[in-house]
Amino acid sequence: GALLVSERIDREELCGALSPCSLSFEIVVENPLELYSGAVEIQDINDNDPVFPSSQARLEISESVAAGARFPLESAQDPDVGINSLQTYQLSANSHFALDVQTRVDGSKYAELVLEKELDREEQRELNLILTALDGGSPPRSAQVQIHIDVVDANDNVPVFNQSTYKASVRENTPSGTLVARISAYDLDDGPNGDIVYSFSSHTPAKVRELFALDSATGELRVKGQLDYEETKLYEIYLQAKDKGVVPGVAHCKVLVEVVDVNDNTPEVTVTSVYSPVPEDAAPGTVVALLSVTDLDSHDNGLVSDVNDNTPKTSQDSYDVYVLENNVPGIPILNVSATDPDLGRNAHLSYTLLQGDPTVGHIFSINRENGTLYLLTSLDHEDQVEFRMMVQVQDSGSPPLATNVSVSVFVTDLNDNAPTVLYPHPNTTTTTYTDVVAPGTPAGHMVTKVVAVDADAGYNAWISYTLLQATDPSLFSVGLHNGEIVTARQLREDDAPQHTLVILLKDHGEPVLSASATVSISVAEMVKEVLTDLTDVAPANDPRRHVTFYLILAVILVSAAFFITMLSVGIFKCYKWRQSKELFNSSRSTLYRTPGPFHHIDAVRGGLTPPNFYHQVYLTTDSRQSDLLCKKPFTSSPLGSRQSTMRNGEPGPYHQITGTAKQLPTPAE
């Protein structure tokens, strides 16, 4: 009597949407024979997903639609019944639409889109939303459809010019078709609503329409007629841009066209007679006629032409420029300004840096057009303090006129150098400086002095000395400004035999730079004690002792060579002195005789003295004892023999001989 399922049961196939779904049957029982009727109710399970008619829906909504408008959506189908059937819809998040789910009379659900915020096609051309259908199963089944919304354009934007006023200039007598200006407008709408047509405004004068033409598609304004500066100097043209919508939007702009003068008019001379006829006895300066010259052109085109008769004038004759050292390369440091009262090319100025010093061209550069002087490299006050150069300002006339301006660049100092210690030597690894002071030395005695320099200048180079560390701070003091180390009190027997002082050296710059010096002082009676102490302190095996030996040997050899050289020079001097003395004694006995060929200078041949004079010079090794003997003139001197003698023994170039001169007495005296 068991009732079995013979094949798979599908409720949706058997009953569709009918609920409840039941199957009727009859059972026959034999012995005794009986007939029974029965029914089987098929219960629904959530075995079907909701299904949309298509996977994508497309809507077109005008941007002019007001908020609150409703747009029905296609419904999804779910063959399940009861709680397993379609229960609700969900919409993806967005800023314009909301979803309203409605229930029909038969209990089925459908959804509508509700516009909450007005659309703007110029802001967003399209929207993509996702609609989800959910049933009531556990877990629920769902289906999705993509909703694509095209925002249809409405003519809600007027054209806009990129500028309200355009300015242009055009020369008079410009040929027809020359481009004057190009106006441009844009419209955010699409299609005909965004197509722009350019035209003259309705109140544009007919004269302007005759002289100018406007392209309706490109907005190009071109010359159409003959422009004349003498007739109209400025045209004010009003233009408009209009779209092609049903109710077109319109925008307006203004174009100012300046007509540039061309020298197309000759001067006109008008003569007005004042005194005619002119009598022959008219006095000079009598006014005969008045002449007036007019030219319809403007500015330079209407004046008498210029002559380059003015040199450029600078605001000052010289410039002093102060530049901090360590500057950034390429900075401008000066602008040389000049003016020229001439006109046109005669007033066009150019600036040139004259290359007097070759280094100036590598350090400085000047702009040829505006006279700006640039510094090409970084300067160092310690390298060079001052630069002098000449700038030439020249016009473009023919011939050109120029003016020179002197420029002095002073490099001001920065505190970029720390003090340098000269004594004691800062490299204490190779040399030990020890100063000695005797025991019992009174207070105020100068023991040694720290010597230092600062490469900076002025206040930056002032050095102050301070005692930073000391073995006994009460024993020594250092001069603040001179670096002298003096005893602060009298030395006692119980004072330490060795003292090490650390001196701090600071300059007065900003920021302050400093250095330090270490001074060693020994308290001892004799230098021998100090040397003994230093020997004790010195390392046992000094690799530099060989170098010291060779240095001492070199000093001995140099001293010996010097001694031998000096001895040789002394012997040579004595020999020369003896020889000159013998010459002097022999020459005194022959004072009034004709001088020998090698002891006299013939001044006659040189044209320096009259022919009846000659000079005799005596030289010794000591210039203070040299005698210049001048003889009195006499006529009986055998000049011929002296001249021939000089020719035979021609001396070399003449030399200037210095010494004390004294005149010898004449033979009569």
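The legends below describe several close-up views of one predicted chain. Because the model is predicted, local features need pLDDT of at least 70 and side-chain atom pairs count only at pLDDT 80 or more, while totals for chains, interfaces and linings use all residues. Residues are numbered from 1 along each chain as its sequence is written, and side-chain values use heavy atoms, with hydrogens and water left out.

View 1. The chain has six helices and 41 strands, taken as DSSP runs numbered from the N terminus (helices H or I, at least four residues; strands E, at least two). Of its 669 residues, 31% count as buried, where buried means under 20% relative accessible area, exposed over 50% and partly exposed in between, with a 1.4 Å probe and protein chains only. The accessible surface comes to about 41900 Å², of which 55% belongs to carbon and sulfur atoms; such areas come from the Shrake-Rupley method with a 1.4 Å probe, and for residues only the protein chains shown count as cover.

**View 2. The largest nonpolar core.** A nonpolar core is a set of buried Ala, Val, Leu, Ile, Met, Phe, Trp, Tyr and Cys residues joined through side-chain atoms within 4.5 Å, and the largest one here has 28 residues. Those with the most contacts inside this core are Phe 161, Ile 183, Phe 212, Tyr 235, Ile 237, Val 255 and Val 257. The elements that each supply at least two residues include helix H2 (206-211), strand S17 (234-243) and strand S18 (250-260), and S18 gives the most, with five residues. Leaving aside neighbours within four places in sequence, Tyr 235 is in contact (heavy atoms within 4.5 Å) with Val 208, Leu 211, Phe 212, Leu 227, Val 255, Leu 256, Val 257 and Val 259. Apart from this core lies another, of 25 residues, among them Phe 387, Met 389, Val 391 and Val 409.

**View 3. The salt bridge between Arg 58 and Asp 150.** A salt bridge is a side-chain nitrogen of Lys or Arg within 4 Å of a carboxyl oxygen of Asp or Glu, and by this rule the count comes to 15. In the pair shown, the closest N and O atoms are 3.0 Å apart. Arg 58 lies in strand S3 (residues 56-62) and Asp 150 in strand S9 (residues 142-152), so the pair ties together parts that are 92 residues apart in sequence. Arg 58 counts as exposed because its relative accessibility is 54%, whereas Asp 150, at 16%, counts as buried.

**View 4. The salt bridge between Glu 220 and Arg 222.** The closest N and O atoms of this pair are 2.9 Å apart. Glu 220 is buried, with a relative accessible area of 15%, while Arg 222, at 30% relative accessibility, counts as partly exposed.

**View 5. A nonpolar surface patch.** Leu 3, Val 5, Ile 9, Leu 14, Leu 23 and Val 40 make a nonpolar patch of about 520 Å². Patches are made of residues with over 30% relative accessible area and no salt bridge, like charges being joined within 9 Å and nonpolar side chains (Val, Leu, Ile, Met, Phe, Trp, Tyr) within 5 Å. Leu 3 lies in the segment before helix H1 (11-15) and is exposed, with a relative accessible area of 60%.
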